[in-house]
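Me: I have a structure open and have not looked at it before. Can you walk me through it?

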Amino acid sequence: MTDVMPDPRDHRPLIGEPLALDLLNTRWAGTPVNDALTGVEQYGIWLSSNGLSGRCTADEAGLAAIRQAREAIELAAQDAREQGELGAAARDGLDAVLAHGRIRRTAGPGGAADRVEADGPEWLAPWLAADDFLALLGQGAHRVKQCAHEACILHFFDASQNGRRRWCRMAVCGNRAKAARHYVKARS
């Protein structure tokens with residue numbers, strides 16, 4: 001979870017997951033699926049909610065780049081859930097985003113300092129999200145999860161000790177599932 005305060009204009013149902021999963025959560029269930037990255041203004045809100053508005057500019061080039069990153073991370077998350085590892089297409093998608101940036105190590109006053117450099121300002125947020133996804137995988141691909149509720153498509157990082165979290169939010173999706181089970185049981 002991030003300690004950045006979400007932008008009050010951000011009305012997504014789940015905010016505050018690690019950057020990569022927060023990017024995936026710019027899509028959520030609805031008919032049609034809701035998408036918080038339909039325009040530059042919405043992209044600016046997402047940047048603000050993730051503390052990136054001072055480092056990244058919301059423009060058409062950045063919007064296109066962040067959508068590319070979202071697609072790559074979505075495919076990689078699906079592979080991680082289903083196979084426990086990334087397939088070639090998922091690796092290629094992430095690598096295509098990561099090719100637009102790098103970490104530059106320099107000598108700082110206290111020792112080594114890392115600075116992210118991107119090919120252009122439009123690639124900083126996508127690069128950070130792709131890099132964050134790889135860091136999450138390093139903590140365990142089994143902890144990158146999609147909500148178990150059949151009507152929910154939100155993602156979360158399961159930081160629970162036993163790794164058995166099932167719902168994006170117990171108060172919403174978990175309770176809905178419990179209520180549905182109770183209803184079926186009561187009608188039997």
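Me: What does the largest nonpolar core look like, and which residues have the most contacts inside it?
Reply: The largest nonpolar core has 38 residues, and Trp 46 and Phe 133 have the most contacts inside it. A nonpolar core is a set of buried Ala, Val, Leu, Ile, Met, Phe, Trp, Tyr and Cys residues joined through side-chain atoms within 4.5 Å. Buried means under 20% relative accessible area, exposed over 50%, and partly exposed in between, with a 1.4 Å probe and protein chains only.

Me: What should I know about the model and the numbering?
Reply: This is a predicted model, where local features need pLDDT of at least 70 and side-chain atom pairs count only at pLDDT 80 or more, while totals for chains, interfaces and linings use all residues. Residues are numbered from 1 along each chain as its sequence is written, and side-chain values use heavy atoms, with hydrogens and water left out.

Me: Back to the largest core, with its 38 residues. Which helices supply at least two residues of it?
Reply: Helices H1 (19-24), H2 (40-49), H3 (60-83), H4 (88-98) and H5 (124-138) each do. Helices (H or I, at least four residues) and strands (E, at least two) are DSSP runs, numbered from the N terminus.

Me: What is Phe 133 in contact with?
Reply: Leaving aside neighbours within four places in sequence, Phe 133 is in contact with Ala 20, Ile 73, Ala 76, Ala 77, Leu 86, Leu 94 and Val 144. Contact means heavy atoms within 4.5 Å.

Me: On to cysteines. How many disulfides does a search of the whole structure find?
Reply: The search finds 0 disulfides, a disulfide being a pair of cysteine sulfur atoms within 2.5 Å. For Cys 152, the nearest cysteine sulfur is that of Cys 168, 3.7 Å away. Likewise, Cys 173 has the sulfur of Cys 147 as its nearest, at 3.7 Å.

Me: Is Cys 173 buried or exposed?
Reply: Cys 173 is buried, with a relative accessible area of 1%. Cys 152 counts as buried too, at 9%.

Me: Which residues of H2 are buried?
Reply: Tyr 43, Gly 44, Ile 45, Trp 46, Leu 47 and Ser 49. The buried residues of H2 pack against H1, H3 and H5.

Me: How many aromatic pairs does the structure hold?
Reply: It holds 1. The ring centres of Tyr 43 and Trp 46 are 6.3 Å apart and the planes are at 15°, so the pair is stacked. Rings of Phe, Tyr and Trp (its six-membered ring) pair if their centres lie within 6.5 Å; planes under 30 degrees apart count as stacked, over 60 as edge-to-face and the rest as tilted. Tyr 43 and Trp 46 are 3 residues apart in H2, about one helical turn.

Me: Where is Asn 50 found?
Reply: Asn 50 is in the loop between H2 and H3, and is buried at 11% relative accessible area.

Me: Which side chain does the side chain of Asn 50 make a polar contact with?
Reply: That of Asp 22, at 2.9 Å. A polar contact is a pair of N or O atoms within 3.5 Å; within protein, one must be able to donate a hydrogen and the other to accept it, and residues adjacent in sequence count only if both atoms are side-chain atoms. The side chain of Asn 50 also reaches the backbone oxygen of Trp 46 at 3.0 Å.
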